[in-house]
Amino acid sequence: MKQTIIAEFKEMSKMYETENDIPADRRTELNALMNQRLASVVDLQTQMKQAHWNVKGPSFIGLHELFDKVDEAVESYADMIAERIVQLGGIAEGTARVAAVRSRLPEYPLAIADGLAHVEAVARALSTFGQEVRSTIAEMTVLDDAGSADLFTEVSRGIDKWLWFVEAHAQAPK
């Protein structure tokens, strides 16, 4: 799968010249990986807005505000990832249409309203993205890009924090 994404990326995307000392072939691989994550993070952001807009029930205000804060954080992660792509000479491919095709997140259920159902769907999306981010850290390390690995480590910590905040709404002592 990884090789297919990289091959498609090489054919479709232009790389800009840069004085960055990471070799061009590695930067191409790094950009393909990061564009894959960019698609998922754009999808994640729209899923957070979907939850924010449609949550109902007795925990409405708390969840409505929480999902909005998660959305704001996720938007900053998207910006960090996109800017890193461009720093390495790539093109950040972050449109909704690209995200729809490339995202690896599960489809967000559109017909839910109950707060707990949104908590479960948001937790699943955050968890899936967190898993992707951690695998990306390992891949960045293999590609010898400590800067990108560090960026994704920061994103991982943030996603884990938001997952904790969201899951706390479904956890209670028994």
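Student: What makes up the secondary structure of the protein chain?

Tutor: The protein chain has 6 helices and 0 strands, where helices are DSSP runs of H or I with at least four residues and strands are E runs of at least two, numbered from the N terminus. From the N terminus on, the elements read α-α-α-α-α-α. Please keep in mind that this is a predicted model, where local features need pLDDT of at least 70, side-chain atom pairs count only at pLDDT 80 or more, and totals for chains, interfaces and linings use all residues. Residues are numbered from 1 along each chain as its sequence is written, and side-chain values use heavy atoms, leaving out hydrogens and water.

Student: What share of the contacts with a separation of 6 or more joins residues 24 or more positions apart?

Tutor: That share is 77% in the protein chain, with contact meaning heavy atoms within 4.5 Å.

Student: Why is His 118 called buried?

Tutor: Buried means under 20% relative accessible area, exposed means over 50%, and partly exposed lies in between (1.4 Å probe, protein chains only). His 118 has a relative accessible area of 0%, so it is buried. This residue lies in helix α5, residues 115-142. Leaving aside neighbours within four places in sequence, His 118 touches several residues, including Gln 50, Asn 54, Phe 67 and Tyr 108. Across the protein chain, 46% of the 174 residues count as buried.

Student: And what makes Pro 58 count as buried or exposed?

Tutor: Its relative accessibility is 90%, so Pro 58 counts as exposed. Pro 58 sits in the loop between α2 (24-54) and α3 (60-87). The C-alpha atoms of Pro 58 and Gly 115 are 7.8 Å apart, although 57 residues separate the two along the chain.

Student: How many aromatic pairs does a search of the whole structure find?

Tutor: The search finds 2 aromatic pairs. One of them joins Trp 162 and Phe 165, with 5.3 Å from centre to centre and 85° between the planes.

Student: Why is the pair of Trp 162 and Phe 165 called edge-to-face?

Tutor: Rings of Phe, Tyr and Trp (its six-membered ring) pair if their centres lie within 6.5 Å; planes under 30 degrees apart count as stacked, over 60 as edge-to-face and the rest as tilted. At 5.3 Å and 85°, Trp 162 and Phe 165 therefore form an edge-to-face pair. The two are 3 residues apart in helix α6 (residues 146-167), so about one helical turn separates them. Trp 162 is buried at 9% relative accessible area, while Phe 165 is partly exposed at 30%.

Student: What makes the pair of Trp 164 and Phe 165 tilted?

Tutor: The angle between their planes is 55°, with 5.1 Å centre to centre, so this pair falls into the tilted class. Trp 164 counts as exposed at 56% relative accessibility. Ring pairs link Trp 162, Trp 164 and Phe 165 into a cluster.

Student: What is the phi of Asp 144?

Tutor: Asp 144 has a positive phi of about 60° although it is not a glycine. Most residues other than glycine have a negative phi. Asp 144 is in the loop between α5 and α6, and its relative accessible area of 55% makes it exposed.
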